[in-house]
Amino acid sequence: MSKSYRPRYHVSVPFGWANDPNGTIYYKGKAHLFYQYYPHKPEWGPMHWNHVTTKDFVHWEQRPVALCPDRPYEVVCGCCSGSTVEKDGRLYLMYTAAQPTMQRQCLAVSDDGDHFEKCPENPVLTAEILSPEIYEEDFRDPRIFRHGDAFYLLAGIRWLDGGRRTEPAPANQRETTDPRQPAPEHKKEGWGNLCLLKSVDLFHWDYVGHLLYPQPEFSEDFYRLDGVYECPDYFVADTGEEVLLSSPQNLPRSKNLYQNIHSGLYMLGHLDFDTGRFRVDAIGEVDSGFDFYAAQTLRMPDGRVIMIAWKEMWDRSFPSREEEWAGTYTLPRELTVADGRLIQKPVREIEACRRDPVRVGAAAVEDGEIDLPGVVGNVIELKFTLAPGSADKAGVKLFCDGAHETLLYYDRKEGLLVFDRQSAGAAITGREEDVNRRVCDLGPRDSIEFDLFLDVSSLEAFIDGGRHAMTGNVYPDPEKATGIRFFAEGGAAAFTGVEKYAIE
Ligand code: FRU
């Protein structure tokens, strides 16, 4: 086993930096994933679009880099996030050409899904179309989709809400290489929102409206966001529910929700294609863990909606940088809606990668910890059902190497599932108060189902058949951290149906 933090069955950037997934689509017999990419260093820099494809969501093939920043209006920040759509058999890609004070949308087209030509009409869309409602510095991440016989586009904006920025930023404050870090003195105005535009040909667009408006049953925080709803996405679930995904920056923490500085959000409701308004019926956090952002979906020919997210978080340290790379992605997840919430399950193709099954009937633990025969590994799937019984805390210690451990346990008194990476391995720093503990509100429970995916430096936890997910990276010794302990504190707990598979 090589001594590297690189995950084995998750997509990761080969060298350099990667962030948002972009342009996810099924096209010409393959699923395509593009992503934000800086090939020269493991740091954010002028963005390229890297490109990988798969036929089974497990094995990914590197394709030629799809976009490089080579136009005068995109050289500083590059080709930022966007999406793809098929039209007349060709694959169109729309991205945000970003400069520090101006974000515009551009098109590129491909006949083979591999080689892209930027369109001579670029930029095809500037913030003027929305003026005076929005702010030209924040107009990004176009997500195109078809509805009826037209194309629609969602993008993240700052909506001025009747207000207006009085003066442009002083010239000496305009030069920054990171659109996420505006010049210090320069106060951004307006509130985060999303806009809807319509087109018949992808080149000419009409503004329909902005999506979010105050709704008394939901916090003002969603409407008065001091940031942008980045990387939106929209789909209709197989059961007919409409789902709006987005990644709001700086969404304030609300009890046990939105513990990261930037969040992954879903809203269920209804998009009015005439006004652009999205009536919200329910809001939820997609993943309650540490590392999840900028999720995008694609629809498979069999109807499944598959989501992939950046399995990292802004404003954090990246221990893998010592290996000259930074950037991983979640497992592709199948999305459905049930009981008014988003359900996410690991893509079913992953089952074909299970090897060497180990099955253990039932194990009871009273105030202590045990290991179970053969239940070891750090490139594995681990399933079990926990009955917390009388224990105050019960769960698993993963990635144990003698010195380190990652905890995932149910705190019965609080009704919380806790993911604790305090002692997991190489330290992670971040801007938030606590960068090592995340919780997921399960409430009082007699039994909890776990489906865990461990991959060297990565843990994805699917709880209760995908009703909850918690994802995070940990950096223990990649060779030695294979130990797994089942524990209970303050009473007795039972673990049943324990199954472990190597994933290959
Ligand atoms: C989200 C984001 C996008 C932007 C891209 C730049 O993570 O900030 O809004 O297009 O990253 O790489």
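Me: Into which domains is the chain divided?
Reply: This is a predicted model. The chain has domain 1, made of 16-165 + 173-346, and domain 2, made of 350-503.

Me: How many Å apart are the C-alpha centres of domain 1 and domain 2?
Reply: The two C-alpha centres lie 31 Å apart. The contact takes 31 residues from domain 1 and 34 residues from domain 2.

Me: What area is buried between domain 1 and domain 2?
Reply: About 2900 Å² is buried between them. Carbon and sulfur atoms give 52% of that area.

Me: How many salt bridges does the rule find across the interface of domain 1 and domain 2?
Reply: A salt bridge needs a side-chain nitrogen of Lys or Arg within 4 Å of a carboxyl oxygen of Asp or Glu. By that rule, five cross the interface.

Me: Which residue forms a salt bridge with Arg421?
Reply: Asp291 does. The closest N and O atoms of this pair are 3.1 Å apart.

Me: How many residue pairs are in polar contact between domain 1 and domain 2?
Reply: The count is 22 residue pairs, with both residues at pLDDT 80 or more. On the side of domain 1 that touches domain 2, strand 21 (residues 341-346) gives the most, with six residues.

Me: Which strand is joined to strand 21 by six bridges?
Reply: Start with the general idea. Strands of a sheet pair through backbone hydrogen bonds, either parallel or antiparallel. Now the case here. Strand 20 (residues 333-338) is joined to strand 21 by six bridges, and the two run antiparallel. Take Glu334: its bridge partner in strand 21 is Lys345.

Me: What do strand 20 and strand 21 form?
Reply: They form a hairpin, with two residues between the strands. Look at Asp339 in the turn: its phi is positive, about 50°.

Me: In what order do the four strands of the open sheet come?
Reply: The order is 9-10-11-12, and the pairing is antiparallel. The edge strands are strand 9 (134-147) and strand 12 (206-210). Each of these two pairs on one side only. Neighbouring strands of this sheet are turned by 25° against each other on average, direction ignored.

Me: Over how many bridges do strand 9 and strand 10 pair?
Reply: Eight bridges, in the antiparallel sense. Strand 10 covers residues 150-159. Find Ile134, then look across to strand 10: the bridge partner is Trp159.

Me: Where do the side chains of a regular strand go?
Reply: In a regular strand they alternate between the two faces of the sheet.

Key: Residues are numbered from 1 along each chain as its sequence is written. This is a predicted model: local features need pLDDT of at least 70, side-chain atom pairs count only at pLDDT 80 or more; totals for chains, interfaces and linings use all residues. Side-chain values use heavy atoms; hydrogens and water are left out. Two strands pair if DSSP finds at least two bridges between them. Axes are lines fitted to C-alpha atoms, for helices over the stretch in contact, and angles run from 0 to 180 degrees between N-to-C directions. Domain bounds come from an automatic or database domain assignment. Contact means heavy atoms within 4.5 Å. Buried area is the accessible area (1.4 Å probe) that two parts lose on being put together, summed over both. A polar contact is a pair of N or O atoms within 3.5 Å; within protein, one must be able to donate a hydrogen and the other to accept it, and residues adjacent in sequence count only if both atoms are side-chain atoms.
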